[in-house]
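Trainee: Could you take me through a close look at one part of this model, strand by strand, and then carry on outward from there? I would like to see how the pieces link up.

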Amino acid sequence: MRIMRTVEEHQRIVAGLIKARDPQCVPIADALGLVLASDVVAPLSLPGFDNSAMDGYAVVAEDIACATADTPVLLPVAEDIPAGRTDALTLKAGTAHRIMTGAPVPAGATAVIPVEATDGATDTVTIRAAARPGQHIRRAGEDVTAGTTVLHAGQMVTPAALGLAAALGLSELTVIPPQRVMVMSTGTELVKPGTPLQPGQIYESNAVMLSAAVRDAGAQVISSPMSHDDVDNFRAVLAEHARDIDLIITTGGVSAGAYEVVKDALAKQVDFVKVAMQPGMPQGSGVVGTTPIITLPGNPVSALVSFEVFVRAPLRAAMGHPEPERPKLTATLTEPLTSPAGKRQFRRGVLTGDTVTSYGPPASHHLRWLASANCLLEIGEDVTEVPAGTSVQVWDLS
Ligand code: AMP
Ligand code: MG
(Lines give C-alpha, C1' and ligand atoms only; values in the text may rest on other atoms or scores of the structure.)
(Ligands and ions follow the chains in the order given, each with its own letter.)
Protein backbone atom coordinates (compact mmCIF):
# COMPACT_ATOMS: atom_id res chain seq x y z
CA MET A 1 0.00 0.00 0.00
CA ARG A 2 1.22 3.45 -0.87
CA ILE A 3 2.21 5.54 2.14
CA MET A 4 0.06 8.63 2.53
CA ARG A 5 1.56 11.98 1.72
CA THR A 6 2.22 14.21 4.74
CA VAL A 7 0.53 17.56 5.13
CA GLU A 8 3.90 19.30 4.74
CA GLU A 9 4.73 17.40 1.53
CA HIS A 10 1.43 18.35 -0.05
CA GLN A 11 1.82 21.94 1.13
CA ARG A 12 5.23 22.09 -0.58
CA ILE A 13 3.89 20.61 -3.81
CA VAL A 14 0.92 23.01 -3.97
CA ALA A 15 3.15 25.97 -3.10
CA GLY A 16 5.49 24.99 -5.95
CA LEU A 17 2.63 25.20 -8.45
CA ILE A 18 1.28 28.66 -7.63
CA LYS A 19 3.41 31.34 -9.29
CA ALA A 20 3.44 35.12 -8.98
CA ARG A 21 2.41 37.15 -12.02
CA ASP A 22 4.72 39.77 -13.51
CA PRO A 23 4.48 43.22 -11.89
CA GLN A 24 1.95 45.52 -13.47
CA CYS A 25 1.19 49.25 -13.46
CA VAL A 26 -2.41 49.73 -12.35
CA PRO A 27 -4.54 52.81 -11.72
CA ILE A 28 -4.10 53.65 -8.06
CA ALA A 29 -7.72 52.91 -7.19
CA ASP A 30 -7.19 49.30 -8.33
CA ALA A 31 -4.11 48.83 -6.15
CA LEU A 32 -5.86 48.59 -2.79
CA GLY A 33 -4.88 45.40 -0.96
CA LEU A 34 -2.18 44.51 -3.49
CA VAL A 35 1.52 44.51 -2.73
CA LEU A 36 3.88 47.06 -4.25
CA ALA A 37 6.37 45.58 -6.69
CA SER A 38 8.65 48.62 -6.56
CA ASP A 39 9.53 51.46 -4.23
CA VAL A 40 7.65 54.71 -4.61
CA VAL A 41 9.94 57.76 -4.70
CA ALA A 42 8.26 61.12 -4.10
CA PRO A 43 8.30 63.14 -7.34
CA LEU A 44 7.51 66.30 -5.40
CA SER A 45 7.55 67.65 -1.88
CA LEU A 46 4.58 67.77 0.47
CA PRO A 47 3.41 70.35 1.20
CA GLY A 48 4.40 71.67 -2.21
CA PHE A 49 4.47 75.28 -0.93
CA ASP A 50 4.24 77.11 2.40
CA ASN A 51 0.54 77.20 3.20
CA SER A 52 -1.77 78.22 5.97
CA ALA A 53 -2.81 75.70 8.62
CA MET A 54 -5.75 77.90 9.71
CA ASP A 55 -8.41 80.21 8.41
CA GLY A 56 -7.16 83.64 9.52
CA TYR A 57 -4.77 86.42 8.55
CA ALA A 58 -1.23 86.26 7.24
CA VAL A 59 0.87 88.90 9.04
CA VAL A 60 4.39 89.92 9.97
CA ALA A 61 4.63 88.53 13.52
CA GLU A 62 6.42 91.64 14.87
CA ASP A 63 3.55 93.86 13.66
CA ILE A 64 1.23 92.26 16.21
CA ALA A 65 3.77 91.45 18.93
CA CYS A 66 1.93 93.53 21.54
CA ALA A 67 -1.64 92.63 20.52
CA THR A 68 -3.88 91.48 23.38
CA ALA A 69 -7.62 91.42 23.95
CA ASP A 70 -7.36 94.76 25.74
CA THR A 71 -4.83 96.35 23.37
CA PRO A 72 -5.73 95.00 19.92
CA VAL A 73 -3.71 95.87 16.82
CA LEU A 74 -5.53 97.09 13.70
CA LEU A 75 -4.13 96.21 10.24
CA PRO A 76 -5.48 97.02 6.77
CA VAL A 77 -6.44 93.86 4.83
CA ALA A 78 -4.61 94.17 1.51
CA GLU A 79 -5.50 90.80 -0.09
CA ASP A 80 -7.91 87.92 0.23
CA ILE A 81 -6.32 84.50 -0.38
CA PRO A 82 -8.69 81.56 -0.69
CA ALA A 83 -7.28 78.03 -1.16
CA GLY A 84 -6.46 77.54 -4.83
CA ARG A 85 -5.27 81.08 -5.55
CA THR A 86 -2.34 80.63 -7.90
CA ASP A 87 -0.75 84.12 -8.28
CA ALA A 88 2.35 84.89 -6.21
CA LEU A 89 1.63 87.53 -3.56
CA THR A 90 3.87 89.54 -1.26
CA LEU A 91 2.73 90.86 2.11
CA LYS A 92 3.87 94.36 2.98
CA ALA A 93 4.79 95.00 6.63
CA GLY A 94 1.98 96.81 8.42
CA THR A 95 -0.75 95.00 6.45
CA ALA A 96 -2.58 91.69 6.70
CA HIS A 97 -3.86 89.23 4.06
CA ARG A 98 -6.99 87.32 4.86
CA ILE A 99 -6.06 83.67 4.21
CA MET A 100 -7.84 80.29 4.25
CA THR A 101 -6.54 76.86 5.27
CA GLY A 102 -4.38 75.38 2.52
CA ALA A 103 -3.91 78.70 0.70
CA PRO A 104 -0.35 79.76 -0.20
CA VAL A 105 1.23 81.99 2.44
CA PRO A 106 2.37 85.24 0.77
CA ALA A 107 6.08 86.05 0.67
CA GLY A 108 7.02 88.27 3.58
CA ALA A 109 4.39 86.87 5.97
CA THR A 110 5.89 85.19 9.05
CA ALA A 111 2.76 83.97 10.86
CA VAL A 112 -0.93 83.27 10.49
CA ILE A 113 -3.25 84.55 13.18
CA PRO A 114 -6.43 82.43 13.44
CA VAL A 115 -9.71 84.14 12.60
CA GLU A 116 -10.91 83.36 16.15
CA ALA A 117 -8.33 85.88 17.51
CA THR A 118 -9.71 88.65 15.26
CA ASP A 119 -12.98 90.35 14.37
CA GLY A 120 -12.91 88.66 10.92
CA ALA A 121 -13.13 91.97 9.05
CA THR A 122 -12.21 92.29 5.37
CA ASP A 123 -11.16 95.97 5.29
CA THR A 124 -9.33 96.65 8.54
CA VAL A 125 -8.88 93.66 10.83
CA THR A 126 -8.76 93.93 14.62
CA ILE A 127 -6.24 91.42 16.00
CA ARG A 128 -6.48 90.50 19.69
CA ALA A 129 -3.49 88.16 20.13
CA ALA A 130 0.20 88.02 19.28
CA ALA A 131 1.71 85.28 17.10
CA ARG A 132 5.02 83.53 17.37
CA PRO A 133 7.05 83.56 14.11
CA GLY A 134 6.09 80.58 11.93
CA GLN A 135 2.81 80.05 13.74
CA HIS A 136 0.20 78.13 11.71
CA ILE A 137 2.38 77.95 8.62
CA ARG A 138 2.87 74.49 7.12
CA ARG A 139 6.31 74.60 5.53
CA ALA A 140 7.01 73.21 2.06
CA GLY A 141 8.54 69.72 2.33
CA GLU A 142 7.92 69.29 6.06
CA ASP A 143 5.88 66.15 5.38
CA VAL A 144 7.75 64.68 2.37
CA THR A 145 10.88 65.90 0.60
CA ALA A 146 10.99 65.22 -3.15
CA GLY A 147 13.25 62.24 -3.84
CA THR A 148 12.46 60.40 -0.60
CA THR A 149 11.32 56.77 -0.80
CA VAL A 150 7.89 56.96 0.82
CA LEU A 151 6.51 53.48 0.09
CA HIS A 152 8.53 50.30 -0.22
CA ALA A 153 8.34 47.25 -2.48
CA GLY A 154 6.67 44.45 -0.53
CA GLN A 155 4.36 46.80 1.33
CA MET A 156 0.62 46.23 1.03
CA VAL A 157 -1.33 49.14 -0.42
CA THR A 158 -3.68 50.55 2.23
CA PRO A 159 -6.17 53.41 1.90
CA ALA A 160 -3.58 55.71 3.50
CA ALA A 161 -0.88 54.58 1.04
CA LEU A 162 -3.28 55.38 -1.80
CA GLY A 163 -3.91 58.80 -0.29
CA LEU A 164 -0.17 59.47 -0.17
CA ALA A 165 0.31 58.30 -3.77
CA ALA A 166 -2.50 60.55 -4.97
CA ALA A 167 -1.16 63.51 -2.94
CA LEU A 168 2.14 63.00 -4.77
CA GLY A 169 0.32 63.20 -8.09
CA LEU A 170 0.75 59.52 -8.97
CA SER A 171 -2.03 58.02 -11.04
CA GLU A 172 -0.58 54.50 -11.20
CA LEU A 173 1.31 52.13 -8.93
CA THR A 174 3.41 49.10 -9.83
CA VAL A 175 2.02 46.10 -8.00
CA ILE A 176 2.10 42.33 -7.96
CA PRO A 177 -1.20 41.60 -9.70
CA PRO A 178 -3.86 39.51 -7.97
CA GLN A 179 -4.07 35.81 -8.73
CA ARG A 180 -7.00 35.06 -11.04
CA VAL A 181 -8.78 31.99 -9.81
CA MET A 182 -11.47 29.72 -11.15
CA VAL A 183 -13.47 27.83 -8.52
CA MET A 184 -15.31 24.87 -10.00
CA SER A 185 -17.69 22.61 -8.16
CA THR A 186 -18.68 19.17 -9.34
CA GLY A 187 -21.64 16.96 -8.54
CA THR A 188 -24.80 15.91 -10.37
CA GLU A 189 -26.66 16.34 -7.08
CA LEU A 190 -25.88 20.07 -6.87
CA VAL A 191 -28.43 22.81 -7.43
CA LYS A 192 -27.83 26.55 -7.21
CA PRO A 193 -29.44 28.23 -4.16
CA GLY A 194 -32.67 29.90 -5.17
CA THR A 195 -33.89 26.93 -7.24
CA PRO A 196 -36.35 24.32 -5.85
CA LEU A 197 -34.77 21.02 -4.80
CA GLN A 198 -35.79 17.62 -6.17
CA PRO A 199 -35.47 14.62 -3.85
CA GLY A 200 -31.80 13.62 -3.65
CA GLN A 201 -30.51 17.04 -4.67
CA ILE A 202 -28.64 19.45 -2.40
CA TYR A 203 -27.72 23.08 -2.65
CA GLU A 204 -24.31 23.89 -4.00
CA SER A 205 -22.29 25.58 -1.27
CA ASN A 206 -18.60 25.06 -2.04
CA ALA A 207 -18.35 27.52 -4.91
CA VAL A 208 -19.71 30.47 -2.98
CA MET A 209 -17.73 29.53 0.13
CA LEU A 210 -14.40 29.02 -1.64
CA SER A 211 -14.91 32.04 -3.87
CA ALA A 212 -15.31 34.11 -0.73
CA ALA A 213 -12.20 32.49 0.78
CA VAL A 214 -10.25 33.26 -2.40
CA ARG A 215 -11.36 36.89 -2.31
CA ASP A 216 -10.66 37.08 1.39
CA ALA A 217 -7.11 35.95 0.60
CA GLY A 218 -6.83 38.96 -1.73
CA ALA A 219 -7.19 37.10 -5.04
CA GLN A 220 -9.82 37.43 -7.77
CA VAL A 221 -12.46 34.90 -8.65
CA ILE A 222 -12.85 34.94 -12.42
CA SER A 223 -15.54 32.29 -12.62
CA SER A 224 -17.22 29.70 -10.42
CA PRO A 225 -18.95 27.22 -12.72
CA MET A 226 -20.58 23.93 -11.82
CA SER A 227 -20.20 20.59 -13.59
CA HIS A 228 -22.16 17.36 -13.47
CA ASP A 229 -20.40 14.11 -12.67
CA ASP A 230 -19.90 13.57 -16.36
CA VAL A 231 -16.45 13.63 -17.89
CA ASP A 232 -17.52 15.31 -21.13
CA ASN A 233 -19.51 17.96 -19.28
CA PHE A 234 -16.59 18.53 -16.89
CA ARG A 235 -14.10 18.95 -19.74
CA ALA A 236 -16.43 21.29 -21.61
CA VAL A 237 -16.98 23.49 -18.55
CA LEU A 238 -13.25 23.53 -17.81
CA ALA A 239 -12.36 24.44 -21.41
CA GLU A 240 -14.95 27.23 -21.44
CA HIS A 241 -13.75 28.88 -18.23
CA ALA A 242 -10.06 28.05 -17.87
CA ARG A 243 -8.78 31.01 -19.86
CA ASP A 244 -6.61 33.86 -18.57
CA ILE A 245 -6.51 32.47 -15.09
CA ASP A 246 -3.66 31.59 -12.77
CA LEU A 247 -5.20 28.82 -10.71
CA ILE A 248 -8.03 26.30 -10.97
CA ILE A 249 -9.59 24.98 -7.79
CA THR A 250 -12.10 22.16 -8.06
CA THR A 251 -14.14 20.50 -5.36
CA GLY A 252 -15.58 17.00 -5.28
CA GLY A 253 -15.05 14.02 -7.51
CA VAL A 254 -11.72 12.93 -6.07
CA SER A 255 -12.51 10.21 -3.56
CA ALA A 256 -12.60 6.45 -3.92
CA GLY A 257 -16.13 5.87 -5.24
CA ALA A 258 -17.47 5.58 -8.77
CA TYR A 259 -18.45 8.70 -10.77
CA GLU A 260 -15.38 10.57 -9.47
CA VAL A 261 -15.49 13.00 -12.35
CA VAL A 262 -12.37 15.03 -11.56
CA LYS A 263 -10.28 11.88 -11.18
CA ASP A 264 -11.70 10.41 -14.35
CA ALA A 265 -11.28 13.54 -16.45
CA LEU A 266 -7.81 14.58 -15.27
CA ALA A 267 -6.03 11.26 -14.72
CA LYS A 268 -3.12 12.47 -16.89
CA GLN A 269 -2.82 16.04 -15.64
CA VAL A 270 -3.34 15.64 -11.91
CA ASP A 271 -1.55 13.59 -9.30
CA PHE A 272 -4.35 12.25 -7.09
CA VAL A 273 -3.07 11.40 -3.63
CA LYS A 274 -4.10 10.66 -0.09
CA VAL A 275 -2.85 13.11 2.49
CA ALA A 276 -2.55 11.95 6.08
CA MET A 277 -5.05 14.40 7.50
CA GLN A 278 -8.62 14.60 8.74
CA PRO A 279 -10.66 16.07 7.20
CA GLY A 280 -9.34 16.36 3.66
CA MET A 281 -7.61 13.08 2.88
CA PRO A 282 -8.25 12.89 -0.90
CA GLN A 283 -6.29 15.65 -2.63
CA GLY A 284 -4.83 16.30 -6.04
CA SER A 285 -2.57 18.78 -7.75
CA GLY A 286 -1.24 19.24 -11.24
CA VAL A 287 -1.28 21.41 -14.31
CA VAL A 288 -3.94 21.69 -17.01
CA GLY A 289 -2.41 23.20 -20.12
CA THR A 290 -0.20 25.72 -18.34
CA THR A 291 -2.55 26.44 -15.44
CA PRO A 292 -2.00 24.90 -12.02
CA ILE A 293 -4.94 22.99 -10.63
CA ILE A 294 -5.71 21.97 -7.07
CA THR A 295 -8.48 19.40 -6.66
CA LEU A 296 -10.07 19.59 -3.24
CA PRO A 297 -12.46 17.07 -1.74
CA GLY A 298 -16.19 17.77 -2.01
CA ASN A 299 -17.36 17.71 1.58
CA PRO A 300 -17.73 21.38 2.44
CA VAL A 301 -15.72 21.23 5.66
CA SER A 302 -12.96 19.25 3.94
CA ALA A 303 -12.97 21.71 1.06
CA LEU A 304 -12.57 24.79 3.23
CA VAL A 305 -10.09 23.22 5.65
CA SER A 306 -8.05 21.99 2.65
CA PHE A 307 -8.11 25.49 1.19
CA GLU A 308 -6.82 26.85 4.50
CA VAL A 309 -4.14 24.21 4.89
CA PHE A 310 -2.85 24.03 1.31
CA VAL A 311 -3.96 26.93 -0.86
CA ARG A 312 -4.43 30.15 1.09
CA ALA A 313 -0.83 30.76 2.13
CA PRO A 314 0.79 30.05 -1.28
CA LEU A 315 -1.91 32.09 -2.98
CA ARG A 316 -1.08 35.06 -0.76
CA ALA A 317 2.65 34.43 -1.08
CA ALA A 318 2.27 34.59 -4.88
CA MET A 319 0.73 38.03 -4.42
CA GLY A 320 3.73 39.10 -2.35
CA HIS A 321 1.98 39.30 1.00
CA PRO A 322 4.59 39.74 3.70
CA GLU A 323 2.70 37.41 6.06
CA PRO A 324 0.94 34.86 3.88
CA GLU A 325 0.15 32.40 6.66
CA ARG A 326 -2.58 32.50 9.26
CA PRO A 327 -1.22 33.44 12.68
CA LYS A 328 -0.49 30.28 14.66
CA LEU A 329 -0.94 30.43 18.41
CA THR A 330 -0.76 28.09 21.35
CA ALA A 331 -3.88 27.73 23.48
CA THR A 332 -4.99 25.53 26.36
CA LEU A 333 -7.60 22.95 25.49
CA THR A 334 -10.69 23.11 27.74
CA GLU A 335 -11.85 19.50 27.23
CA PRO A 336 -10.36 16.12 26.22
CA LEU A 337 -10.23 15.17 22.52
CA THR A 338 -9.44 12.11 20.48
CA SER A 339 -7.71 12.09 17.13
CA PRO A 340 -7.09 9.30 14.59
CA ALA A 341 -3.66 7.66 14.68
CA GLY A 342 -1.47 8.52 11.69
CA LYS A 343 -3.46 11.57 10.60
CA ARG A 344 -3.07 15.28 11.25
CA GLN A 345 -6.41 16.41 12.57
CA PHE A 346 -7.79 19.87 12.00
CA ARG A 347 -10.71 20.47 14.35
CA ARG A 348 -12.89 23.53 14.28
CA GLY A 349 -12.55 25.50 17.47
CA VAL A 350 -13.48 28.58 19.39
CA LEU A 351 -10.53 30.51 20.73
CA THR A 352 -11.25 32.72 23.75
CA GLY A 353 -8.20 34.49 25.13
CA ASP A 354 -5.63 31.72 25.52
CA THR A 355 -8.05 28.82 25.83
CA VAL A 356 -9.61 26.87 23.00
CA THR A 357 -12.69 24.68 22.85
CA SER A 358 -13.26 22.17 20.10
CA TYR A 359 -16.41 23.02 18.28
CA GLY A 360 -18.62 20.41 16.65
CA PRO A 361 -17.86 16.85 15.61
CA PRO A 362 -14.74 16.06 13.58
CA ALA A 363 -16.73 14.75 10.58
CA SER A 364 -16.41 16.69 7.38
CA HIS A 365 -20.01 17.60 6.58
CA HIS A 366 -20.77 19.67 9.69
CA LEU A 367 -20.71 23.07 8.08
CA ARG A 368 -22.78 24.70 10.80
CA TRP A 369 -19.96 24.40 13.32
CA LEU A 370 -17.36 25.65 10.91
CA ALA A 371 -19.48 28.72 10.28
CA SER A 372 -19.21 29.77 13.93
CA ALA A 373 -15.64 28.65 14.59
CA ASN A 374 -12.84 31.20 14.76
CA CYS A 375 -9.88 28.83 14.62
CA LEU A 376 -8.57 25.46 13.57
CA LEU A 377 -7.01 23.20 16.16
CA GLU A 378 -4.09 21.26 14.76
CA ILE A 379 -3.45 17.87 16.34
CA GLY A 380 -0.39 15.83 15.38
CA GLU A 381 -0.41 12.49 13.53
CA ASP A 382 1.07 10.60 16.46
CA VAL A 383 -1.46 11.92 18.98
CA THR A 384 -4.64 9.94 19.67
CA GLU A 385 -5.75 11.38 23.01
CA VAL A 386 -5.46 14.99 24.04
CA PRO A 387 -6.31 15.56 27.72
CA ALA A 388 -7.99 18.77 28.82
CA GLY A 389 -5.38 21.36 29.81
CA THR A 390 -2.97 20.40 27.00
CA SER A 391 -1.34 23.21 25.02
CA VAL A 392 -2.43 22.84 21.42
CA GLN A 393 -1.54 24.64 18.21
CA VAL A 394 -4.32 26.83 16.86
CA TRP A 395 -4.69 28.59 13.50
CA ASP A 396 -6.34 31.92 14.10
CA LEU A 397 -8.94 32.44 11.37
CA SER A 398 -10.44 35.63 12.75
P1 AMP B 1 -17.56 14.03 -3.46
O2 AMP B 1 -16.17 14.30 -3.03
O3 AMP B 1 -17.87 14.57 -4.81
O4 AMP B 1 -17.88 12.57 -3.34
O5 AMP B 1 -18.49 14.80 -2.45
C6 AMP B 1 -18.48 14.49 -1.08
C7 AMP B 1 -19.70 15.06 -0.41
O8 AMP B 1 -19.67 16.46 -0.51
C9 AMP B 1 -21.01 14.62 -1.00
O10 AMP B 1 -21.94 14.46 0.05
C11 AMP B 1 -21.39 15.76 -1.90
O12 AMP B 1 -22.78 15.87 -2.11
C13 AMP B 1 -20.86 16.96 -1.12
N14 AMP B 1 -20.51 18.03 -2.01
C15 AMP B 1 -19.64 17.95 -3.04
N16 AMP B 1 -19.54 19.13 -3.69
C17 AMP B 1 -20.38 19.97 -3.03
C18 AMP B 1 -20.72 21.33 -3.24
N19 AMP B 1 -20.18 22.06 -4.22
N20 AMP B 1 -21.62 21.89 -2.39
C21 AMP B 1 -22.17 21.15 -1.39
N22 AMP B 1 -21.87 19.88 -1.16
C23 AMP B 1 -20.99 19.27 -1.98
MG1 MG C 1 -19.30 14.48 -6.08
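Mentor: Happy to! Let's start with strand E8, residues 111-114, which is joined to E5 by four bridges, with the two strands running antiparallel. Please keep in mind that this is a predicted model. To find your place in that pairing, look for Ala 58: Val 112 is its bridge partner in E8. E5 itself covers residues 56-59, and it also pairs with strand E7, residues 96-99, through three bridges, again in the antiparallel sense.

E1, E12 and E2 form an open sheet of three strands, in the order E1-E12-E2, with antiparallel pairing. Its edges are E1 (24-27) and E2 (35-36), each of which pairs on one side only. Between E2 and E12, which spans residues 172-176, there are two bridges in the antiparallel sense. One pair to pick out there is Leu 36 with its bridge partner in E12, Val 175.

From the strands, let's move to the ligand. Strands E13 (180-186) and E15 (202-203) each contribute at least two residues to the shell around ligand 1. That shell holds 15 residues, and the nearest of them are Glu 189, Glu 204, Ser 205, Gly 253 and Gly 298. Sorted by class, the shell is made up of nine polar, four nonpolar and two charged residues. The space that ligand 1 takes up is the largest pocket.

For the polar contacts, start with Glu 189: one of its polar side-chain atoms is 2.5 Å from an oxygen atom of ligand 1. Gly 253 uses its backbone instead, placing an N or O atom 2.9 Å from a ligand oxygen. On the nitrogen side of the ligand, a side-chain N or O atom of Asn 206 is 3.3 Å from a nitrogen atom of ligand 1. On its own, ligand 1 would expose 480 Å², and the protein buries 77% of that area.

Most peptide bonds are trans, and most residues other than glycine have a negative phi. Against that background, the bond from Leu 46 to Pro 47 is cis, with omega near -15°. Pro 47 belongs to the loop between strands E3 (40-41) and E4 (51-52). A cis bond also links Gln 278 to Pro 279, where omega is about -5°; Pro 279 is in the loop between strands E20 (277-278) and E21 (282-288). Asp 244, which is not a glycine, has a positive phi, near 50°. You will find Asp 244 in the loop between helix H4 (231-241) and strand E18 (247-251).

Definitions and conventions. Residues are numbered from 1 along each chain as its sequence is written. Chains are lettered from A and ligands numbered from 1 in the order in which they are written. This is a predicted model: local features need pLDDT of at least 70, side-chain atom pairs count only at pLDDT 80 or more; totals for chains, interfaces and linings use all residues. Side-chain values use heavy atoms; hydrogens and water are left out. A residue is near a molecule or strand if one of its heavy atoms lies within 4 Å of it. A polar contact is a pair of N or O atoms within 3.5 Å; within protein, one must be able to donate a hydrogen and the other to accept it, and residues adjacent in sequence count only if both atoms are side-chain atoms. Accessible areas come from the Shrake-Rupley method with a 1.4 Å probe; for residues, only the protein chains shown count as cover. On a 1 Å grid over the protein atoms alone, a cavity is a set of points where a 1.4 Å probe fits but cannot get out, and a pocket is an open set with protein on both sides within 12 Å along at least five of seven lines; lining residues have an atom within 4 Å of a point. A molecule sits in a cavity or pocket if more than half of its atoms lie within 2 Å of its grid points. Ala, Val, Leu, Ile, Met, Phe, Trp, Tyr, Cys and Pro count as nonpolar, Asp, Glu, Lys and Arg as charged, and the others, Gly among them, as polar. Two strands pair if DSSP finds at least two bridges between them.
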